[in-house]
Amino acid sequence: MPGRMVALSLLPSPNRLAKQAPFGFGAFVIDPRSHGEASFALYTQGYGAGHDPAPICDVIHRLFDPETVALMCAPSRPEIGQFEALPLPDIYLDLVPRTGLRRNIFAPVPRHLLASAGRVGGLDLPEAEPTPLARLGQIGREAQAAWILWLQAYCPVNHRRKLLASYLAWRQLERARV
């Protein structure tokens with residue numbers, strides 16, 4: 001597990017020529033601690049159609065420090081069996097600070113895989129493409145599911161189990177607060 005990681009799911013603001021629509025982000029912050037444990041924090045922010053998109057940059061930039069690894073999730077709809085590497089979209093380049101970051105990971109993830117990873121963490125995510133407004137309501141869960149998917153793919157089994165147990169305990173505490 002790298003040091004601090006921010007899993008970011010983004011519903012980009014429409015460009016100037018497009019129809020106004022809601023936009024926002026979900027950021028799941030993972031700070032590793034000792035013995036395979038971690039602390040977690042979830043940040044979500046939604047903006048209404050027509051809102052100025054400039055403040056989103058400042059909010060997201062404050063989540064990063066020079067040692068942060070960025071995991072940028074982009075729910076996608078590829079054709080069955082066709083997974084291809086895609087370049088990092090400009091919107092992510094504008095929102096995620098580049099100076100000093102150890103690594104940026106851009107992950108276009110098919111919705112059915114994101115939903116499957118979410119179920120591992122007890123998260124309810126649809127496999128179908130939601131409306132922009134519905135997506136804002138689940139964007140924090142998308143960021144968490146992206147991290148779980150990354151955890152399953154890239155962490156050794158022992159470390160994965162400890163981090164997942166730590167995450168599930170955090171989720172229970174968060175639900176108890178509400």
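A word on the model first: it is predicted, so local features need pLDDT of at least 70 and side-chain atom pairs count only at pLDDT 80 or more, while totals for chains, interfaces and linings use all residues. Residues are numbered from 1 along each chain as its sequence is written, and side-chain values use heavy atoms, with hydrogens and water left out.

Let's start with cysteines. A disulfide is a covalent bond between the sulfur atoms of two cysteines. With the cut-off for a pair of cysteine sulfur atoms set at within 2.5 Å, the count is zero disulfides.

Now, salt bridges: a side-chain nitrogen of Lys or Arg within 4 Å of a carboxyl oxygen of Asp or Glu. There are seven salt bridges by that rule.

One of them joins Asp65 to Arg4, with the closest N and O atoms 3.9 Å apart. Asp65 sits in the loop between α1 (54–61) and β4 (69–76) and Arg4 in the segment before β1 (5–11), so this pair ties together parts 61 residues apart in sequence. Helices (H or I, at least four residues) and strands (E, at least two) are DSSP runs, numbered from the N terminus.

Next, Glu142 and Arg135 meet at 2.8 Å, N to O. Are they buried or exposed? Glu142 is buried, at 0% relative accessibility, and Arg135 is buried too, at 7%. Buried means under 20% relative accessible area, exposed over 50%, and partly exposed in between (1.4 Å probe, protein chains only). These two also belong to a salt-bridge network with Arg111 and Glu129.
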